[in-house]
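Hello,

Here is the structure I promised to pass on to you. Please have it open while you read, and my notes on what turned up follow just below.

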Amino acid sequence: MAGGGGGGYSDFDGTGRYKVSVGGGRRAASGSVSSAASAKSTATVGRNLNRFSTFVKSGGEAFILGEVPAALRPSETYGVTMGPEGPQWSDNPRPFRCTIEEPTKQTKFKGIKTYISYKLTPSLTNAPVYRRYKHFDWLHNRLLHKFPVVSVPHLPEKQATGRFEDDFIEKRRRRLILWMEHMTSHPVLSQYTGFQHFLTCSDDRAWKQGKRRSERDELVGANSFLTIHTPSEQQDLQRVEERVDLFKAFSKRLDDSVLQLSNVAADLCRKHAGGFRKEFQKLGNAFSSISQAFEMDQPHLAVSLNRAISITGRTYEAIGELFAQQPKNDLFHMLDMLSLYQGLLSNFPDIIHVQKGAFAKVKDSQRMSDEGKMDQEQVDGIKQRCRVVGFALQAEMNHFHKRRIIDFKHMMQSYLQEQILFYQRISQHLEQTLYLYDTL
């Protein structure tokens, strides 16, 4: 496997440090090696003192230090290839889509337990399956455990109260659709056997058995890096680190900008339903009041004019209602997409931390080699495993850029199209009302 092995086993010596053994398990005969060679054979690379860091918890440290058993043979592989923009995930050979429809309220235990069921229809089988939110939640947790360098999209937020209100159900359905689109479009996540099981299993017994298999999966955390096949091209680790730093700065800026736009859009939604609606209703009522006042002067009553002014009042009240309903057509969908990207972007600091930890171990091992305390073979093993992490992170960065361009283009096009239709409807109302005065 390209990029998966190297460095042999590592043993924890009880002092907070790993001993990196010489690859191949070679043993030197007693008394036949110099003290310098003996020192090299027992050289250690320090473990992170913070055992709660992402680098440690994700398994990144264990993989880089060669703790992953070489005998473990992955039953699944995810390829990285070199593309025009650098490393990229190999495409899913069986691409597919999945629809989410018909959220329906269901009960169990004779009505004691109530939940919402969603109909999922993957193009892989065109056979529907029904899943609850807790099933989505189970899958999401498996994905987080399985892929430490993949930005797994966040699920729509949970809600303690109002879970069965129509607005909440519709909002969750929209956001689950976006979540599913990102899952099926991701070359790695879409191939995960647990995800395939989630989408295709319709038998209750088989569903439970498949869940248990996923939960017993050994290729998680540190072991998951064994499933990544990297290209033969060599990359300078310093240049990789520079590229990661650029992406880190970019993602932080984008995260701030997404939050800013999300806050503005949410505030605009509130204004549409509140302030804008009320202001147009006030204007409409004021016009209606003028019409009613005119009707009091019977000797000089201008019936057509009064009618036109009265209709003008109703027109502005209708425009107020148009404003109140408009967010469902544009701003809600924008907020859905921004929420998805807030989740994706929030994953990257931890993912980058895994790579940064790997870089640090490479530098530590090289320093020890320069001091004559570690064999170059051991250093090369650490570099090779860092290379695997680096290729995976760059592939994930490039996938994020690819999806970002698609998603934000679609988001902006949809918003502007809906805005044009919205103001066209308002214009039509106003033109029809103006015509009443032109024909007096």
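Let me begin with one of the sheets: three strands make up an open sheet, ordered β5-β4-β9, with mixed pairing. Because β5 (86-89) and β9 (228-229) are at the edges and have a single partner strand each, one side of each has no neighbour in the sheet. Strand β4 (residues 78-83) and β9 run parallel and are joined by two bridges; in β9, Ile228 is the bridge partner of Tyr78. Helix α11 (residues 376-438) packs on this sheet and touches β4, β5 and β9, with its direction at about 80° to that of β5.

Some words on terms and origin. This is a predicted model, in which local features need pLDDT of at least 70 and side-chain atom pairs count only at pLDDT 80 or more, while totals for chains, interfaces and linings use all residues. Residues are numbered from 1 along each chain as its sequence is written, and side-chain values use heavy atoms, with hydrogens and water left out. Helices (H or I, at least four residues) and strands (E, at least two) are DSSP runs numbered from the N terminus, and two strands pair if DSSP finds at least two bridges between them. Contact means heavy atoms within 4.5 Å. Angles run from 0 to 180 degrees between N-to-C directions, along axes that are lines fitted to C-alpha atoms, for helices over the stretch in contact.

Now the whole chain. It has eleven helices and nine strands. Of its 440 residues, 44% are buried (under 20% relative accessible area; exposed is over 50%, partly exposed in between, with a 1.4 Å probe and protein chains only). Among contacts with a separation of 6 or more, 75% come from residues 24 or more positions apart.

There is also an open sheet of three strands in the order β6-β7-β8, with antiparallel pairing. Here β6 (98-108) and β8 are the edge strands, each with a single partner, so one side of each lacks a neighbour in the sheet. On average, neighbouring strands of this sheet are turned by 35° against each other, direction ignored. Nine bridges pair β6 with β7 in the antiparallel sense, and Thr107 has Thr114 in β7 as its bridge partner. Helix α5 (residues 166-185) packs on this sheet, touching β6 and β7, and its direction makes about 135° with that of β6.

Strand β7 (residues 113-122) is joined to strand β8 (residues 129-132) by four bridges, and the two run antiparallel. Leu120 stands opposite Val129 in β8. The two strands β7 and β8 form a hairpin with six residues between them, and Asn126 in the turn has a positive phi of about 60°.

Back to helix α11, which holds His399. With a relative accessibility of 11%, His399 is buried. Beyond its neighbours within four places in sequence, His399 contacts Trp89, Ser185, His186 and Pro187.

Finally, Gly372 follows α10 and has a positive phi, near 75°.

Happy exploring!
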